[in-house]
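Subject: A structure for you to explore

Hi there,

Here is the structure I promised to pass on. Have a look at it first, and then read my notes below.

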Amino acid sequence: MLRRHLGLFGVVALAVGGAISSGLFVLPALAYAQAGPLVIACYGLAALLVLPVVFAKAELATALPRSGGGYLLVERSLGPLAGTLMGFAEIFAILLKSAFALAGIGLVVRELTHLPIESAVAATTGVCLTALMVLRPGGTGRFQIGLVAVMLLILTGFVLCAAALGSGAGFQAAGRNPDLHAFLSTTGAVFVAFAGLTKVIAVSEEVAEPRRTIPKGLILAWAAVALIQTACVAAAVAIQGDAMASSRQPLADAARTLGGLPGYAILQCCALLAMVTTANGGLLAASRSVVAMARDDVLPRSLGQVHPRRHTPVAAVLLIGLSATALATFVPLQLLVKAASTLVLLAFIAIEAGSWVLRRSGIRNYYPSFHAPAHSWLPPLAIACYLVLILDMGSGPILIASSLVSFAFLWFLFFVRRRVRRISALKTRGGLHPGARADLEVELKRIGFEREGRPWDALDEAIERAQIHDCTEELELAQALSILTDGLSAELADRAAAQVAQALEARAEVPVVSVCIPGIAPIETELLASILRLRSGLRRIGDEAEPPVGILLLIARPSQLDDVRLEIAALSRSWDRTFAEAWLAASSHDALRDLLHWTRRRR
């Protein structure tokens, strides 16, 4: 388990820092060349289109606060193949955006120093950020908070100065009227400016009180990013007008117009801070997605190992950090931007589809503290919008998306398919065969126990693995014992049968749901369990007025017969009539397991 060290400000800082980067300091000029002053509307529309994904990921993170982000949602809801595709799309998208930020750091330093050292600066920054995540994982959040606070202060000052000192001449000089195709294409291009906003849920396993912190943090970050980016672009357009199309650094050039060389230097330093925060947050999020995929055997398990003292996945951090550094050093910036935008949109489509299916799958134990609004129609609408943006961006994005899908399919075919046998939420829509269980149900159940401060112990594990027998007719005691001990060795079966018989004859109604079963709590050893539900009870035993409705047999340390310990519980109406009624009414084996888990903790 990773250490939970991120609070609300840490979540907001990682989300804001992951979004505000080259998409604000470089991209507006390229977007203005296509859409003219409507670039402001393009940024506003892109911000609105990100909101459904913010809702979907906030809901997921409160129900499943685990490393992995969007990959985890898609894999658990749509299955391993879709999860493999989503995992690679998300990792590559964050990786490319982080590499773009590292390369941007090099360009800013070059502009400030007039020295051709951009590659060296990008490589050095990547190595330093990687070392920080390995050596001081707790310092990553504090480092991010400080950088984001300074960056937002500078950008807010820029907008206020533009409003107070700017004449708005840029709006008057801008007369371009793009068509709908150009407007949508530009919106798709600037989408990358908001891409890093939701990546913070990839580190939700490291967030303190994720049920409250993550929804608040994501929504606050979205509001801050949407407002500050749209306002900054509007200010740059108002100051520069059509001159913005030929600018390489539109915000810094606008600041030069307002405040001369000091204004230019301040905005360049702000751009530097923004790119560092994006690279830092992106590398952190991408490494946690690698951890989740490794835990699920989609990637080699060695990548998911967490350092015992530093509580950080060293192998995953090194892989992502060094990969981003290499991309920033050797790959052209234009290719990084184009590929990142496409992969972000593709990942968002998978997330919206997964969240929509998960809500309608009937999965038990899915109890998020935050529920996405308008969930019946918002995800399908968002998917349609994302598809339109991809198609309007031309053949290049389609080729990139097709290549990723092909790679993910081949990886699944040759590496994942024989290693992963999880049942997704999608398969539960059509009903499961008897005895089959969605893996997400068990995972959510364990998380629910952790969330309520009730640790999952050996008895819970035994109940999950237990063989459950369901008998509708009245049984003789010998028949019940034979069913309970089916599969055990002869000697162990005889010992178990003798103890069960003795307890039942003595009317030993020891409630299994009590944590006070002699010798069972606390539980430090492996247990085997066998559960029998008796819908019609046992034939009368002695003076028993209330025949048992079920029997639980627990066997401790079955590998050592000399030290075996047997515990039984006859579940009877006489000690808990409410439980007995729920027990008899349960419609599935999973419902019986859940009843034993939760009732055990209530008593």
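In which helix is Leu8 found? Leu8 belongs to helix α1, which covers residues 8–19. Helices (H or I, at least four residues) and strands (E, at least two) are DSSP runs, numbered from the N terminus.

Before we go on, two notes on the source. This is a predicted model, where local features need pLDDT of at least 70 and side-chain atom pairs count only at pLDDT 80 or more, while totals for chains, interfaces and linings use all residues. Residues are numbered from 1 along each chain as its sequence is written, and side-chain values use heavy atoms, with hydrogens and water left out.

Back to Leu8. With a relative accessible area of 31%, Leu8 is partly exposed; buried means under 20%, exposed over 50%, and partly exposed in between (1.4 Å probe, protein chains only). Leaving aside residues up to four places away in sequence, Leu8 touches Thr213, Lys216 and Gly217, where contact means heavy atoms within 4.5 Å. Leu8 and Gly217 are 209 residues apart in sequence, yet their C-alpha atoms are 5.7 Å apart in space.

Now for the whole protein chain. It has 23 helices and four strands, and 58% of its 603 residues are buried. Of the contacts between residues at least 6 apart in sequence, 80% join residues at least 24 apart.

Next, a helix pair. Helix α3 (residues 27–35) and helix α10 (residues 180–190) pack at about 170 degrees, with their axes 9 Å apart. Axes are lines fitted to C-alpha atoms, for helices over the stretch in contact, and angles run from 0 to 180 degrees between N-to-C directions. The two helices α3 and α10 are therefore roughly antiparallel, a label for angles over 145 degrees. Leu27, Ala31, Gln34 and Ala35 in α3 meet Ala182, Thr186, Ala189 and Val190 in α10.

In helix α20 (residues 477–484), which residues are buried? They are Leu477, Ala480, Leu481 and Leu484. These buried residues line one face of α20, because they fall within an arc of 95 degrees seen down its axis; the arc is that of the directions from the helix axis to the C-beta atoms.

Finally, the cysteines. A search of the whole structure finds zero disulfides, a disulfide being a pair of cysteine sulfur atoms within 2.5 Å. Cys42 is buried, at 0% relative accessible area, whereas Cys385 is partly exposed at 26%.

Enjoy exploring!

Key. Parallel < 35°, antiparallel > 145°, perpendicular 65-115°, else oblique.
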